Amino acid sequence: MTNPMAGRSIHWWNEETRFAWAALTPALLFFATFVGFPFGYSFYLSFHDWNMMVPTPTWVGLENYTALMADAEFTKSLVQTALFTIGITACIVVFSLAMALLLDQKLRWIKLYRTIFYLPAVTSLVAIGIVWVWMFDPQHGLINQGLRGIGVEGPLWLADTRIALLSLILTAAWRNVGYFATIFLAGLQGIDNTYYEAARIDGAGAWDRFRRITLPLLKPTFVFVVVMSVILSFQVFALVYVMTSGGPAGSTSVLVFYLYQQAFTYFRMGYASAVGYVLFLIIFVLTLLQFKAFGKTVEA
Amino acid sequence: MTKSTLHTPGRLDERPWPATVLLYALLLLCTVITLLPFAWMLSSSFKPTVEIFSGTAQLIPANPILDNYINAVTRQPVARAIFNSILVAGIETFAVVVTSVFTAYPFARLRFPGRDILFMLILGTMMIPSQVTMIPTFILMKWFGWIDSYQGLIVPRIMAPLGIFLMRQFLQSLPKELEEAARIDGCSRLTTLTHVLLPLTGPAVATLAIFTFTASWNEFFWPLLVVQSTEMWTIQLLIAQLKAAEVTDWGMVMAIVSLSVLPTVLIYVVLQRYFVKGIAMSGLKG
């Protein structure tokens, strides 16, 4: 952060400082209560055993964490979360970028198309989750009825352990591709046109211009999109809750769904807090790694 | 296919016509994929049960009826759930806008010890996934006696780091002279903020308000934890509950889902320029 007012000295207790602290007090109280305290308390809980029925948590040391390592269901949910995240992020990088390139063309009614493609992003995951449950309905859903129309018997989708997770990825892709396309489009339109003109004068073809100008200059947007997609996908919950409840046979149980079950079905608050901390660490490390991996030429 | 950008003049002429046809075909394909689930949702909500289970996928109902909507309102607590959602999202939006402006102002305009560290701390809270803080927040609500109440739904959501960030960016972009003139005229800092700066924040406030309202309307995880009785259900909880109870009256379910999607879609269609602005602000400057 730059300090535009360097040179003037800061007073420790003048009217300006007093006003600032007065204005900030509610915010500080709020964040201390609803972020600071919970963040610390869930760390504390992760070393305890507590079902909320007895007044105080029991200290168990690292037991929750060691139990997690040996918990096959936890490992399974971790793997499934990773698969979901990789699947949806791959979809987004490919389809959102393609859609953004399409929306960047000079075509008739292009603004109308931009409006339409963003539309799924304003709907709730609960609402679209249930719409897609109905779309995927093996007997009466639109997809299998459509397939039947061309003589193909469609799969059971959400009821098939092998493709239930894929069905969730398709649903999440439907909702998010347009959103990330809008972000890519903003990135594309921020590229200075003179680069393209210069390349054209030098005789560069369309593919060369895309590879040597568009892609490198789009890198900051790329990093942002991938990081956001990974963070959001790792926290997927509502879709799973509404569409499959983690089933069939646990094939779509993801990390946050597992955490929710441990905390609010089995009331293992300490264990669930440990799951929460593992989630936090994973997201933290992944975000840092991505900035390191892609971030070399990114300013900021 | 020619790759060129919107800003290139005379590009329309250089694209061979098969490429243009292909581009329109792709646009059409994307449009169909995007709109088909909405069409299926609306169409099912107007179909009688026999038609829904007839075994033929008709996108236009043969005999459209309103029964599903009537059933939804009479048999399910739809009105109450929508009322709860409007109340919660409305208060939350108002609160976030007010707290964001007041918290952003010192960060944007004043000099005081600890400013930059405090600002980084507040932004840093965005790094913590809400699921990590969810359990202790739930326990807090128990201590406060706020489980199953509007306070419990609303209070943990009345401030947002992103809102503070957006308002700070916006306030910093306003010319300083305005304030200085008001200060010289003897206005207090508070009056300067409420009477000189606030009237200028219209576009930023609109963007923040729309995003907060949409997010709050669509919020699911927190209400799921804090709400227990049917009277306190938000519309999202009601929908999830229908699925959990395995209600198979798909016509009625789709009617309720259509009603739940309508407000955010309407807000988006009418006020979309603020959405675009918000994406640019949160996405690229963040």
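**View 1. Leu237 of chain B in helix α14 of a predicted model.** B:Leu237 lies in helix α14 (residues 235-244) of chain B; helices (H or I, at least four residues) and strands (E, at least two) are DSSP runs, numbered from the N terminus. Because 21 C-beta neighbours lie inside 10 Å, B:Leu237 counts as buried. A residue is termed buried if 20 or more other C-beta atoms lie within 10 Å of its own, exposed if 12 or fewer, and partly exposed in between, with C-beta atoms placed from the backbone. When residues up to four places away in sequence are not counted, B:Leu237 touches B:Pro223, B:Leu224 and B:Val227; two residues are in contact if their C-beta atoms, placed from the backbone, lie within 7 Å. The C-alpha atoms of B:Leu237 and B:Phe221 are separated by 9.3 Å, and these residues are 16 residues apart along the chain. The model is predicted: local features need pLDDT of at least 70, side-chain atom pairs count only at pLDDT 80 or more, and totals for chains, interfaces and linings use all residues. Residues are numbered from 1 along each chain as its sequence is written, while chains are lettered from A and ligands numbered from 1 in the order in which they are written.

**View 2. Helix α10 of chain B.** Helix α10 (residues 176-184) of chain B is hardly covered, for the count of buried residues among its nine residues is zero. B:Gly186, which follows α10(B), has a positive phi, near 95 degrees.

**View 3. The crossing of helices α5 and α12 of chain B.** Two packed helices are described by the angle between their axes and the distance between the axes. The axes of α5 (residues 78-109) and α12 (residues 202-218) of chain B come within 9 Å and cross at roughly 145 degrees. Axes are lines fitted to C-alpha atoms, for helices over the stretch in contact, and angles run from 0 to 180 degrees between N-to-C directions. The crossing of α5(B) and α12(B) is right-handed, a term used if the near helix is turned clockwise from the far one by less than a right angle, left-handed being anticlockwise. Residues of α5(B), including B:Val88, B:Glu92 and B:Val96, meet residues of α12(B), including B:Leu208, B:Phe213 and B:Trp217. By class, this contact has nine nonpolar, five polar and one charged residues. Ala, Val, Leu, Ile, Met, Phe, Trp, Tyr, Cys and Pro count as nonpolar, Asp, Glu, Lys and Arg as charged, and the others, Gly among them, as polar.

**View 4. The two domains of chain B.** The domain assignment of chain B gives domain 1 (11-65) and domain 2 (72-284), with bounds from an automatic or database assignment. The centres of domain 1 and domain 2 of chain B, taken over C-alpha atoms, are separated by 33 Å. Seven residues of domain 1 of chain B are in contact with six residues of domain 2 of chain B. On the side of domain 1 that touches domain 2, α2(B) gives the most, with four residues. By class, that side of domain 1 has three nonpolar, three polar and one charged residues.

**View 5. The contact between chain A and chain B.** In this view, 84 residues of chain A are in contact with 73 residues of chain B. Helix α1 (residues 15-45) of chain A gives the most to the side of chain A that touches chain B, with 19 residues. By class, this side of chain A has 64 nonpolar, 16 polar and four charged residues.
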